[in-house]
Amino acid sequence: MSTASVSTHILDTSIGRPAESVPVALSARGAGTEAEWTALGTSATDADGRCKDLPALPEGTTHVRLRFETEAYLAAHRDEAAFFPEVTVTFAVKPGDHYHVPLLLNPFGYSVYRGS
């Protein structure tokens, strides 16, 4: 069975547009919550708010962590410092499934969900 795969995108809901140039880091671990996290790589959102080049997950991955570095993006689009300098999302995966995890971001809140 193949490993799980992950994709993401960010929508700035305060302006109804994709969030461009937001750094995203991908980490994974296997064997449950006691295992150490392994950094797999980084990317940044494109003009459509998508990360199209996240690295593949290694065999045996059971948990994935996406860290969105939102501080510079939010500061550039607001007149004040970012309330959420980063957003970290951790989720469980099963081999063979694809996980699209969008981030809906605004200055004082965010939401994530499993998309398709």
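These legends accompany several close-up views of one predicted model.

Local features in this predicted model need a pLDDT of at least 70, side-chain atom pairs count only at pLDDT 80 or more, and totals for chains, interfaces and linings use all residues. Residues are numbered from 1 along each chain as its sequence is written, and side-chain values use heavy atoms, with hydrogens and water left out.

**View 1. Four strands make an open sheet in the order 4-3-6-7.** The pairing in this sheet is antiparallel. Strands here are DSSP runs of E with at least two residues, helices are runs of H or I with at least four, and both are numbered from the N terminus. Two strands pair if DSSP finds at least two bridges between them. Strand 4 (38-44) and strand 7 (87-92) stand at the edges with a single partner strand each, so one side of each has no neighbour in the sheet. On average, neighbouring strands of this sheet are turned by 20° against each other, direction ignored. For such angles, axes are lines fitted to C-alpha atoms (for helices over the stretch in contact), and angles run from 0 to 180 degrees between N-to-C directions.

View 2. Strand 3 (residues 23-30) pairs with strand 4 over six bridges, in the antiparallel sense. Look for Ser 27, whose bridge partner in strand 4 is Ala 39. Strand 3 also runs antiparallel to strand 6 (residues 61-68), and seven bridges join these two. Moving on, strand 6 and strand 7 are an antiparallel pair with six bridges. There you can find His 63 opposite Ala 92 of strand 7.

**View 3. Gly 30 sits in strand 3.** Leaving out residues up to four places away in sequence, Gly 30 touches Ala 35, Gly 60, Thr 61 and Thr 62; contact means heavy atoms within 4.5 Å. Val 93 is 63 residues from Gly 30 along the chain, and their C-alpha atoms are separated by 9.8 Å.

**View 4. Arg 78 and Asp 12 form a salt bridge.** A salt bridge is a side-chain nitrogen of Lys or Arg within 4 Å of a carboxyl oxygen of Asp or Glu, and the structure holds four of them. In this one, the closest N and O atoms are 3.1 Å apart. Arg 78 lies in the loop between helix 1 (71-76) and strand 7, while Asp 12 belongs to strand 1 (residues 5-12), so the pair ties together parts that are 66 residues apart in sequence. Both Arg 78 and Asp 12 are buried. Buried means under 20% relative accessible area, exposed means over 50%, and partly exposed is in between (1.4 Å probe, protein chains only).

**View 5. Two further salt bridges join Arg 50 to Asp 48 and Glu 69 to Arg 67.** The closest N and O atoms of Arg 50 and Asp 48 are 3.1 Å apart. Arg 50 is partly exposed, with a relative accessible area of 31%, and Asp 48 is partly exposed at 42%. For Glu 69 and Arg 67 the distance from N to O is 2.4 Å. Glu 69 is partly exposed at 27%, as is Arg 67 at 33%.

**View 6. Four aromatic pairs turn up in a search of the whole structure.** Rings of Phe, Tyr and Trp (its six-membered ring) pair if their centres lie within 6.5 Å; planes under 30 degrees apart count as stacked, over 60 as edge-to-face and the rest as tilted. One of the pairs is Phe 83 with Phe 108, tilted, with 5.8 Å centre to centre and 50° between the planes. This pair links distant parts of the chain, 25 residues apart: Phe 83 is in the loop between helix 1 and strand 7, and Phe 108 in the loop between strand 9 (103-106) and strand 10 (109-112). Phe 83 and Phe 108 are both exposed. Phe 91 and Tyr 99 form another tilted pair, at 6.2 Å and 40°, and both residues are buried. One aromatic cluster is made of Phe 83, Phe 84, Phe 108 and Tyr 110.
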